[in-house]
Amino acid sequence: MTRLKLEGISKHYGAIQALSAVSLSIAPGEVLGLMGDNGAGKSTLVKIIAGNFSPSSGEIRIDDRPVAFHSPRDAQREGIEVVYQDLALCDNLSAASNVFLGREPVRRVGPVAYVDYAEMNRVSARLFSRLKSETRPRDLVRRMSGGQRQAVAIARTLLSEPKIVMMDEPTAAISVRQVAEVLDVIRRLRDHGISVILISHRMPDVFAVSDRIAVLRRGELVANKKAANSSPEEVTGLITGAIQAA
Amino acid sequence: MTTVDDVISTSEHKNWFSRITSLQSFWVFMAAIVACLALTFLTDSFASERNLFNVARNFAFVAIIAIGMTAVIASGGIDLSVGSSVVLSAMVISITMAAGSPFWLAAALALGASLLVGLLNGLLVAYAGMPAFVVTLGTLSAARSLAMVLSDNKMIWEFGPDHNVLLWVGGGSTLGVPHPLFVLTALAVLMSCIFRWTRWGQHLFAIGGNENAALLTGIPVRRMKVSIYMFSAFTAGLAGILMAGWLGSVTTNLGQGMELTVIAAAVIGGANLAGGEGSALGAVVGALLIEVIRNSLILLGISTFWQGMFIGTFIVVAVAFDRVRHFRS
């Protein structure tokens, strides 16, 4: 079974071709390292899978079933979650509010529906303890460290028992110790059968956790192979174009 | 040894005193109280029943709209058209009542007219992606012009068969409390609950905090924005109806420049023009402080020309206070 299968995904903005005929597949519990230079189309691909953009052409299949996303909500419903590069957090809200952003549970008393903060704090606390992160659900995100912010963003993805988690540069802006923690979290997701797509510039991090490596260059997929059969040198060559394809 | 779980479950130990004193609206309220106490001793007339009644009524109009403005500002926008929505609403209700329609129908039409202004603002900001400042500057001009066209720029002071109902609603009082104050209290309580306890409120502050994050997490940002601008216009329409009844006559310069007082009240009350912060109670307290300053200048015999200087100082002080607070934390 393939968890996610992309077939001939293309995206153009007017005359600019951001992605041309990208085909990829990911198995359950597989970690795919997606690499490429700035402007290679990584973010566009992520946003298509996450339902932010529709592809100009091509098909997305989840568990061998074709799907069409019109909004991030649609993708979430299919079990696709994203940790965005800027983490997409609201600094003015609490950690728990950020975890539940857009999915706040409500309780009803007669005609009145109100946000169930107690439930949000309880569930968030459980997720933070699962991630082994010292993050308090009631604290404002504004006052948090880089690692804690990352934990909030990752906890958000775990809310709905996801099938696929995409992470856009999760290790770019945090300390060495926190990088190790994030990589541990990725392994923990994998052990739960969750497929992870890791988008990163940091070669050591990608090779540390990835089962397979895919490389994009100028909107084209130029490599898609087992990490064990590749090397950082080869991937660097593929990214820059020194190696045409592998 | 403390475990991760211990850390997660501890809440920040803050007692109610330090929590309250970290609120901008608390200090603004204190400033208003101090001003009131000083005036009570300095003048004979401030603490008189008549003056307090007037202060309470006058500030209610600004405070009602400031609650709507706070919603817009907290979502990261601005609404300059509220003063014009006030006159449009007042003009629609007075003209339809003068033409013989009952109060309730005319009030519904007036609110409908102001809601249309809000709808237009919201659609242009959310769907056409135009800057809120420019859009609402446009409707500020357009809505007032529409009020002039409707009335042929004449004053209206006869409101048909339900004349006395309108005067009672806007200018009357029950148990010694002016009616606009009842409306304000109900609105402030309701909106405090809505801001804090509904998904609409959560999403509003999320949009103000990080609009991109709100979009990415699937919050219907566009629809939210339309509803927020419509709410702001609704508060303006409500104030327009009450002001028509209070004044007993409507002219086309009603509510002129009011948007600036309303924005000042919201900002003094803790609304952050960068978005993400604000409260209904803060808006009320901000409006109260402005009215107390205005009233005190008159009672102390200081030229009203100084009013702008005082209000301006308070806006700057309020924002400076906010900067200091963020700097410390």
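Reader: Let me start with a strand pair. Which residue in β2(A) is the bridge partner of Tyr13(A)?

Author: Strands of a sheet pair through backbone hydrogen bonds, either parallel or antiparallel. Here the model is a predicted one. In it, Tyr13(A) has Ile16(A) of β2(A) as its bridge partner. The strands involved are β1 (residues 4-13) and β2 (residues 16-26) of chain A, paired antiparallel over 7 bridges.

Reader: How many residues lie between β1(A) and β2(A) in their hairpin?

Author: There are 2 residues between them. Look at Gly14(A) in that turn: its phi is positive, about 60 degrees.

Reader: Which sheet holds these strands, and in what order?

Author: An open sheet of 4 strands in chain A, ordered β2-β1-β4-β5. Its pairing is antiparallel. To find the edges, look for strands that pair on one side only: β2 and β5 (65-67) of chain A. From one strand to the next, the twist averages 30 degrees.

Reader: Which helix packs on that sheet?

Author: Helix α1 (residues 42-49) of chain A. It touches β1, β2 and β4 of chain A, and its direction makes about 60 degrees with that of β2(A).

Reader: How many bridges pair β4 with β5 of chain A?

Author: The count is 3 bridges, in the antiparallel sense, with β4 covering residues 57-62. Ile60(A) is one place to look: its bridge partner in β5(A) is Val67(A).

Reader: What is the strand order in the sheet of 6 strands?

Author: Read across chain A: β6-β9-β10-β3-β11-β12. This sheet is open too, and its pairing is mixed.

Reader: Why is one side of β6 and of β12 of chain A left without a neighbour in the sheet?

Author: Both stand at the edges. β6 (80-83) and β12 (220-226) of chain A each have a single partner strand, so one side of each stays without a neighbour. Ignoring direction, neighbouring strands in this sheet are turned by 15 degrees against each other on average.

Reader: Which strands does helix α6 of chain A lie across?

Author: Helix α6 (residues 176-191) lies across β3 (31-36), β9 and β10 of chain A. It runs at about 150 degrees to β10(A). Helix α8 (residues 232-240) of chain A lies across β3, β11 (212-217) and β12 of chain A. Its angle to β11(A) is about 25 degrees.

Reader: How many residues lie between the strands in the hairpin of β7(A) and β8(A)?

Author: Again, 2 residues. Gly110(A) takes a positive phi near 60 degrees there. The strands are β7 (residues 106-109) and β8 (residues 112-115) of chain A, antiparallel and joined by 4 bridges. Val106(A) has Val115(A) as its bridge partner in β8(A).

Reader: Now chain B. At what angle do helices α5 and α13 of chain B pack?

Author: About 125 degrees, with the axes 7 Å apart. The helices cover residues 82-98 and residues 258-268 of chain B. Val82(B), Gly83(B) and Val86(B) of α5(B) meet Met258(B), Glu259(B) and Val262(B) of α13(B). By class, that contact has 4 nonpolar, 1 polar and 1 charged residues.

Reader: Where does UniProt place the feature "transmembrane region" in chain B?

Author: The unreviewed UniProt entry lists several spans, including residues 228-248 and 260-290. Compare the record with the model. Residues 228-248 of chain B are 95% helix and 0% strand, with end C-alpha atoms 30 Å apart. Residues 260-290 of chain B are 65% helix and 0% strand, with end C-alpha atoms 12 Å apart.

Reader: How many residues of chain B are in contact with chain A?

Author: 25 residues of chain B contact 29 residues of chain A. On the chain B side, the elements giving two or more residues are α1 (4-9), α10 (199-209) and α11 (211-216). That side has 9 nonpolar, 12 polar and 4 charged residues.

Reader: What scores does the model have?

Author: ipTM is 0.78 and pTM is 0.83. Chain B has an average pLDDT of 86, and 95% of its residues score at least 70.

Definitions and conventions. Residues are numbered from 1 along each chain as its sequence is written. Chains are lettered from A and ligands numbered from 1 in the order in which they are written. This is a predicted model: local features need pLDDT of at least 70, side-chain atom pairs count only at pLDDT 80 or more; totals for chains, interfaces and linings use all residues. Two residues are in contact if their C-beta atoms, placed from the backbone, lie within 7 Å. Ala, Val, Leu, Ile, Met, Phe, Trp, Tyr, Cys and Pro count as nonpolar, Asp, Glu, Lys and Arg as charged, and the others, Gly among them, as polar. Two strands pair if DSSP finds at least two bridges between them. UniProt positions are given in the numbering used here, feature names are shortened, and annotations may be inferred rather than shown by experiment. Axes are lines fitted to C-alpha atoms, for helices over the stretch in contact, and angles run from 0 to 180 degrees between N-to-C directions. pLDDT is the predictor's confidence in each residue, from 0 to 100.
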